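Please keep the sequence and the structure in view while reading.

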Amino acid sequence: SSDVCSSDLFGILSLIILVADIYALYHVITSTASTLSKILWVLGILILPVIGFIVWLIAGPRSKGAHV
């Protein structure tokens, strides 16, 4: 039924978002940014997972030598 397909899709999308956010959080924490900057980035990614990840991709701090 369509209910099963939509719940499967939601689960897959949720997993992708979780993995992307963990990736972003790792790079923020291991970056050379200031402690305050790291705290603000982590809060932004945790509070707004999708938007926070997209903003981090565009403007966020990266760990040394990391390229997407």
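## Loop, helices and their packing

Threonine 30 lies in the loop between helix H1 (2–29) and H2, where helices (H or I, at least four residues) and strands (E, at least two) are DSSP runs numbered from the N terminus. Threonine 30 is partly exposed, with a relative accessible area of 33%; buried means under 20% relative accessible area, exposed over 50%, and partly exposed in between, with a 1.4 Å probe and protein chains only. Although threonine 30 and proline 61 are 31 residues apart in sequence, their C-alpha atoms are 9.1 Å apart in space.

This is a predicted model, in which local features need pLDDT of at least 70 and side-chain atom pairs count only at pLDDT 80 or more, while totals for chains, interfaces and linings use all residues. Residues are numbered from 1 along each chain as its sequence is written, and side-chain values use heavy atoms, with hydrogens and water left out.

The chain as a whole has 3 helices and 0 strands, and its elements run α-α-α from the N terminus on. Of the 68 residues in the chain, 25% are buried. Among the contacts in the chain with a separation of 6 or more, 53% come from residues 24 or more positions apart, contact being defined as heavy atoms within 4.5 Å.

How do the axes of H2 and H3 cross? The axes of helix H2 (residues 35–47) and helix H3 (residues 49–59) come within 5 Å and cross at roughly 140 degrees; such axes are lines fitted to C-alpha atoms, for helices over the stretch in contact, and the angles run from 0 to 180 degrees between N-to-C directions. That makes H2 oblique to H3, since angles under 35 degrees count as roughly parallel, over 145 as roughly antiparallel, 65 to 115 as roughly perpendicular and the rest as oblique. On the H2 side the contact is made by Trp41, Gly44, Ile45, Leu46 and Ile47, and on the H3 side by Pro49, Gly52, Val55, Trp56 and Ala59. By class, this contact of H2 with H3 has 8 nonpolar, 2 polar and no charged residues, where Ala, Val, Leu, Ile, Met, Phe, Trp, Tyr, Cys and Pro count as nonpolar, Asp, Glu, Lys and Arg as charged, and the others, Gly among them, as polar.

| Helix | Buried residues | Exposed residues on the face turned away |
|---|---|---|
| H2 | Trp41, Val42, Ile45 | Leu36, Leu40, Ile47 |
| H3 | Gly52, Phe53, Trp56 | Ile51, Ile58, Ala59 |

In H2, Trp41, Val42 and Ile45 are buried, and they cover an arc of only 100 degrees around the axis, which puts them on the same side of H2; the arc is that of the directions from the helix axis to the C-beta atoms. In H3, Gly52, Phe53 and Trp56 are buried, and they too cover an arc of only 100 degrees around the axis, which puts them on the same side of H3.

Tryptophan 41, found in helix H2, is in contact with Val28, Gly52, Val55, Trp56, Ala59, Gly60 and Pro61, leaving aside its neighbours within four places in sequence. Glycine 52, found in helix H3, is buried with a relative accessible area of 9%, and touches Trp41, Gly44 and Ile45, not counting residues up to four places away in sequence.
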